[in-house]
Amino acid sequence: MNQLLRNRQFLLLLGGQSVSIFGDQIYYIGLMWTILKETGSTMSLGMSVICMTLPSIFVMPWAGVLADRNIKKQILMITDFVRGLMMLMLVLLTMNGHFSLLMINLVLVIISAMNAFFSPALSSTIPLVIDRNNLSKGNSIFEFIRRFSAILGPAIGGVLISILSISTVFALNGLSFIISFFFSLFLKIPLVSQPEHGESFLMRFKEGFFYTLRMKRLLCLTLVGGVIINFFLAPIEVFLVAISHQLKFGSAGLGWLDASISIGALLGSLTILFGHISNQIRLAVIGLVLEGAALILAGLFPGFIPLVVFLGLLGLGISFASIGISTTFQLITEDDKRGRVNSFNGMLGICTVPLGTLFGSFLTSQLSVAWILVGFGLIVSSSGMTLYFPFKEKLQTTRKVNTY
């Protein structure tokens with residue numbers, strides 16, 4: 001922990017990201033509220049959500065290729081600056097009662113594309129500025145900030161909208177990106193080895209894709225962490241809404257159920273930050289088993305208090321699994337291929353989540369939510385156990401330093 005606090009590059013990265021992550025959480029709730037208020041149409045809201053996600057699917061594979069070049073700092077700076085400008089555009093589009101859904105959606109497309117470039121550049125930078133022994137603690141700090149912002153950000157955003165205006169919320173998020181841009185100005189990211197002879201964009205993309213397919217451990221992590229878990233955890237919000245409606249918990253009860261997941265995840269990130277993690281893949285397996293067990297217990301004991309406890313356990317498992325899997329990815333992927341691997345996983349996640357949500361919504365209309373939770377819990381736990389085979393040696397080894 002002390003080494004991280006003395007790591008200037010990590011602190012610069014953390015400072016910029018803390019501000020922009022919190023700004024994003026404030027802005028997102030305001031954007032959704034404004035679109036629904038101005039249009040009165042959930043279809044319009046759905047189209048805007050598509051504009052926020054779909055461009056990333058097409059951009060991410062190419063963004064990963066760029067992230068593996070020695071221009072990570074430039075990518076971070078440019079994407080922060082452009083996103084800051086786009087937020088200021090949203091300020092102009094909503095100021096003085098003006099509202100243009102077409103222009104807002106166009107801005108959202110540009111922001112989505114910038115996010116696609118930013119994400120693999122950030123993911124491939126973190127292992128370069130943090131030593132291997134502190135990598136999981138560094139990831140846990142980022143996870144804590146994301147979870148804390150997810151709890152506090154929407155609440156603050158709602159208050160700001162009610163007492164000020166939506167334009168103010170957009171302006172604050174724009175300012176957060178500009179602040180992040182200035183933090184990036186002082187970053188010094190170590191260089192990674194590059195091919196002696198220039199390779200085409202397509203060749204480098206294919207190299208990263210087949211690199212993931214050839215490495216059994218990477219492929220297994222991708223299928224478990226990027227596909228299976230995303231698919232079966234994506235509809236959890238749908239399940240909670242259905243349970244709250246069936247058991248008459250009300251909106252306040254639903255809010256507590258949601259909050260318990262985030263609180264559990266916060267505790268998980270703090271446990272990793274202040275604990276001693278000797279084996280990252282073991283942490284991932286424990287997290288996945290906890291997730292599955294929490295879903296099973298939530299299905300078997302659907303009372304309000306038990307659900308709060310079990311969903312807190314689910315959040316704890318999500319934090320363990322997320323940090324364990326992401327750290328393992330960073331440790332076993334070569335420095336000059338990490339951007340492409342991360343972008344490939346991100347693309348799978350973006351595609352999988354809406355499919356999982358649709359599948360879960362369909363099942364909810366056909367089956368009891370309790371049995372769905374039990375079934376999904378068994379699948380999630382089983383998927384975690386499959387990591388035993390490619391990582392058998394690592395799971396059976398305990399060391400006093402961080403391993404994967």
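## Aromatic pairs

Let's start with the rings: the count comes to 11 aromatic pairs, where rings of Phe, Tyr and Trp (its six-membered ring) pair if their centres lie within 6.5 Å. Planes under 30 degrees apart count as stacked, over 60 as edge-to-face and the rest as tilted. This is a predicted model, so local features need pLDDT of at least 70 and side-chain atom pairs count only at pLDDT 80 or more, while totals for chains, interfaces and linings use all residues. Residues are numbered from 1 along each chain as its sequence is written, and side-chain values use heavy atoms, with hydrogens and water left out.

What kind of pair do Phe 10 and Phe 142 form? Theirs is edge-to-face, with 6.0 Å centre to centre and 90 degrees between the planes. Phe 10 lies in helix 2 (residues 8-39) and Phe 142 in helix 6 (residues 135-163), so this pair ties together parts that are 132 residues apart in sequence. Helices here (H or I, at least four residues) are DSSP runs, numbered from the N terminus, and strands (E) need at least two residues. Phe 10 counts as buried at 1% relative accessibility, and Phe 142 counts as buried at 2%. For these labels, buried means under 20% relative accessible area, exposed over 50%, and partly exposed in between (1.4 Å probe, protein chains only).

Phe 301 and Phe 310 give you a tilted pair, at 6.3 Å centre to centre and 50 degrees between the planes.

## A cluster of Phe rings

Ring pairs also link Phe 231, Phe 232, Phe 239, Phe 359 and Phe 376 into a cluster. Take Phe 239 from that set: this residue lies in helix 10 and counts as buried at 1% relative accessibility.

Which residues does Phe 239 contact once its neighbours within four places in sequence are left aside? They are Gly 360, Thr 364, Val 369, Ile 372, Leu 373 and Phe 376, with contact meaning heavy atoms within 4.5 Å. Phe 239 and Ser 278, on the other hand, are 39 residues apart in sequence and 35 Å apart in space, C-alpha to C-alpha.

## Charges over rings

Arg 83 lies over the face of Phe 118, at 4.3 Å from the ring centre. The charged end of Lys 337 sits over the ring of Tyr 211, 5.3 Å from its centre. A charge sits over a ring if NZ of Lys or CZ of Arg is within 6 Å of the ring centre and within 35 degrees of the ring normal.

## Where helix 8 meets helix 14

Tyr 211 turns up again in a helix contact. The axes of helix 8 (residues 201-214) and helix 14 (residues 338-366) come within 9 Å and cross at roughly 70 degrees. The two helices are therefore roughly perpendicular to each other. Angles under 35 degrees count as roughly parallel, over 145 as roughly antiparallel, 65 to 115 as roughly perpendicular and the rest as oblique. The axes are lines fitted to C-alpha atoms, for helices over the stretch in contact, and angles run from 0 to 180 degrees between N-to-C directions.

Helix 8 brings Arg 204, Phe 205, Glu 207, Gly 208, Phe 209, Tyr 211 and Thr 212 to the contact, and helix 14 brings Arg 340, Val 341 and Phe 344. By class, that makes five nonpolar, two polar and three charged residues. In this scheme Ala, Val, Leu, Ile, Met, Phe, Trp, Tyr, Cys and Pro count as nonpolar, Asp, Glu, Lys and Arg as charged, and the others, Gly among them, as polar.

Ser 44 sits in helix 3 (residues 42-67) and counts as buried at 16% relative accessibility. Beyond its neighbours within four places in sequence, Ser 44 is in contact with Ile 35, Thr 39 and Leu 101. Cys 51 lies in helix 3 and is buried, with a relative accessible area of 14%. Not counting residues up to four places away in sequence, Cys 51 touches Asn 105, Leu 108, Val 109 and Ser 112.

Val 107 belongs to helix 5 (residues 101-129) and is buried at 3% relative accessible area. Leaving out residues up to four places away in sequence, Val 107 touches Met 86, Met 89, Leu 90 and Leu 93.

## A positive phi

Lys 248 has a positive phi of about 60 degrees although it is not a glycine. Look for Lys 248 in the loop between helix 10 (236-246) and helix 11 (250-274), where it is exposed, with a relative accessible area of 72%.
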